[in-house]
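Subject: Structure handover

Hello,

Here is the structure for you to take over. Please open it first, then read the notes below.

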Amino acid sequence: MDLKALYQEILNEHNLNPNNRGKTEGANFVLRGVNPSCGDDITLNLKVDDKGIITEGTFTGSGCAISQASVDMMLDNVIGKTKEEALRLASLFMDMIKGKAEGDALEDLDEAASLQNISKMPARVKCAVLGWHTMEEMLKNGKTTATGTAEHCSIEGM
C-alpha cells in the first residue's frame, strides 16, 4: 500500500468510525467551532482535572470528512496530556499545515500527521484546523462554556 492510500485509509477510518464522538459528562471546557464558509460545525467537550490534565474529550456536530477526522485524531492525541502539551501539539499541527514542520518533527502528531498534504489544498485547510483552533481558543482563553463560536476561514487567518 502506498503512503497516499494509507493516509486516505486513516482519514476514512476516523471519519466513519470516530473514537471520540459523543458528549463528555461533566466537561469543564466546552466550545463550539464553526466554519461558516463550508458548514463545518463542531462542539468540543474536554474534561480537565485540577492538575491541568485532559482526562476526557469528545466532539459532536457535523462537517466534511476532513473536519470530522481531524478533530477525532486531535482528541486521540490530547487525552491524557496536560493543557500545555495539548497547546504544543496544536501549534505543531498548525506549523505542519503551514508547511513549516515536516518529517520526524511530526512524530508527536501520530495519525494527525497524515493530514500534512492538506496544506496543498487551501480550500480544505479550514476544515482540518477547525477542531485544533477550537481547542486552542478554549485552553488559551479559558473558554469554559459554549457561549462563543470559533470561526476559522483560511490558512492566512490561523
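The notes below go from the whole chain to single residues.

This is a predicted model, in which local features need pLDDT of at least 70, side-chain atom pairs count only at pLDDT 80 or more, and totals for chains, interfaces and linings use all residues. Residues are numbered from 1 along each chain as its sequence is written, and side-chain values use heavy atoms, with hydrogens and water left out.

**Whole chain**

The protein chain has 4 helices and 4 strands. These are DSSP runs, numbered from the N terminus: helices are H or I with at least four residues, strands are E with at least two. The order from the N terminus is α-β-β-β-α-α-α-β. Contacts are heavy atoms within 4.5 Å. Among those with a separation of 6 or more, 61% join residues 24 or more positions apart.

**Aromatic pair**

The structure holds 1 aromatic pair. Phenylalanine 93 and tryptophan 132 are stacked, at 4.3 Å centre to centre and 5° between the planes. (Rings of Phe, Tyr and Trp, the last by its six-membered ring, pair if their centres lie within 6.5 Å; planes under 30 degrees apart are stacked, over 60 edge-to-face, the rest tilted.) The pair links distant parts of the chain: phenylalanine 93 sits in helix H3 (residues 83-97) and tryptophan 132 in helix H4 (residues 122-140), 39 residues apart. Both phenylalanine 93 and tryptophan 132 are buried.

**Aspartate 72**

Aspartate 72 belongs to helix H2 (residues 65-78). Is aspartate 72 buried or exposed? Aspartate 72 counts as buried because its relative accessibility is 0%. Leaving out residues up to four places away in sequence, aspartate 72 touches His14, Pro18, Asn19, Asn20, Arg21 and Phe59. Glycine 131 is 59 residues from aspartate 72 in sequence, yet 8.5 Å away in space, C-alpha to C-alpha.

**Largest pocket**

The largest pocket holds about 200 Å³ of space. (On a 1 Å grid over the protein atoms alone, a pocket is an open set of points with protein on both sides within 12 Å along at least five of seven lines; lining residues have an atom within 4 Å of a point. The volume is the space filled by probe spheres set on the points, which are joined across faces, edges and corners.) Helix H1 (residues 3-16) gives the most to the lining, with 4 residues.

Best wishes

Technical notes
Buried < 20%, exposed > 50% of the residue type's maximum accessible area, 1.4 Å probe, protein only. 1 Å grid on protein atoms, 1.4 Å probe; cavity = no way out; pocket = protein on both sides within 12 Å on 5 of 7 lines; lining within 4 Å.
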